[in-house]
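Please read each point alongside the coordinates shown below.

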Amino acid sequence: MNAAELRENSGEELKQKLEDLKQELFNLKFQHATGQLDNTTRLGVTKKNIARVMTELRQRDLAEA
């Protein structure tokens, strides 16, 4: 996922994607805590994707104001 892909989505789609990413991060953290997570780099990638979505939502909020 990159910034150009996020700009193409609507606000509602971004909010849904943010919820999905937060749920995925929760699941990854749970798997990591129980020792079931093999690829720990997914934690960092998911956090960065959350930050990208939140940044795009914030930019849209500022553009509206």
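1. A salt bridge joins the side chains of R60 and E56, at 3.1 Å from N to O; the criterion is a side-chain nitrogen of Lys or Arg within 4 Å of a carboxyl oxygen of Asp or Glu. The two residues, R60 and E56, are 4 apart in helix 3, so about one helical turn separates them. Helices (H or I, at least four residues) and strands (E, at least two) are DSSP runs, numbered from the N terminus.

2. The model is predicted: local features need pLDDT of at least 70, side-chain atom pairs count only at pLDDT 80 or more, and totals for chains, interfaces and linings use all residues. Residues are numbered from 1 along each chain as its sequence is written, and side-chain values use heavy atoms, with hydrogens and water left out.

3. Is E56 buried or exposed? With a relative accessibility of 9%, E56 is classed as buried; buried means under 20% relative accessible area, exposed over 50%, and partly exposed in between (1.4 Å probe, protein chains only). Apart from neighbours within four places in sequence, E56 is in contact with L6, R7 and L14, where contact means heavy atoms within 4.5 Å.

4. Not counting residues up to four places away in sequence, L6 touches M1, L14, K17, R52, V53, E56 and R60. Both partners of the salt bridge described in point 1, R60 and E56, are therefore among the residues that L6 touches.

5. The salt-bridge count comes to 2. In the other pair, the side chains of E24 and R42 meet at 3.6 Å, N to O. Because E24 belongs to helix 2 and R42 to helix 3, this pair ties together parts that are 18 residues apart in sequence. E24 is partly exposed, at a relative accessible area of 30%, and R42 is likewise partly exposed, at 37%.

6. R42 also takes part in a backbone interaction. Its backbone oxygen lies 2.7 Å from a polar atom of the T46 side chain; a polar contact is a pair of N or O atoms within 3.5 Å, of which, within protein, one must be able to donate a hydrogen and the other to accept it, and residues adjacent in sequence count only if both atoms are side-chain atoms. T46 is located in helix 3 and is buried, at 4% relative accessibility. Leaving aside neighbours within four places in sequence, T46 is in contact with L21, E24, L25 and L28.

7. Helix 2 covers residues 11-33, a run of 23 residues. From first C-alpha to last it reaches 33 Å, close to the 33 Å expected at 1.5 Å a residue, the expected span being 1.5 Å times one less than the number of residues. Its buried residues are L14, L18, L21, L25 and L28, and these pack against helix 1 (3-8) and helix 3 (41-64). An α-helix has 3.6 residues a turn, so residues three or four places apart point the same way. Just after helix 2, G35 adopts a positive phi of about 80 degrees.

8. Which residues form the largest nonpolar core? It has 11 members in all: L6, L14, L18, L21, L25, L28, L37, L43, I50, V53 and L57. Such a core is a set of buried Ala, Val, Leu, Ile, Met, Phe, Trp, Tyr and Cys residues joined through side-chain atoms within 4.5 Å. Helix 2 and helix 3 each supply at least two residues of this core, and the largest share, 5 residues, comes from helix 2.

9. One of the core residues, I50, is found in helix 3 and is buried at 9% relative accessibility. I50 and E19 are 31 residues apart in sequence, with 9.1 Å between their C-alpha atoms.

10. As to the whole chain, the protein has 3 helices and 0 strands, following the pattern α-α-α along the sequence. The radius of gyration is 14 Å, whereas a compact globule of 65 residues would have one near 11 Å; the value is taken over C-alpha atoms, and the globule rule is 2.2 Å times the number of residues to the power 0.38. The C-alpha atoms fill a box of roughly 45 × 15 × 15 Å along the principal axes. Of the 65 residues, 22% count as buried.
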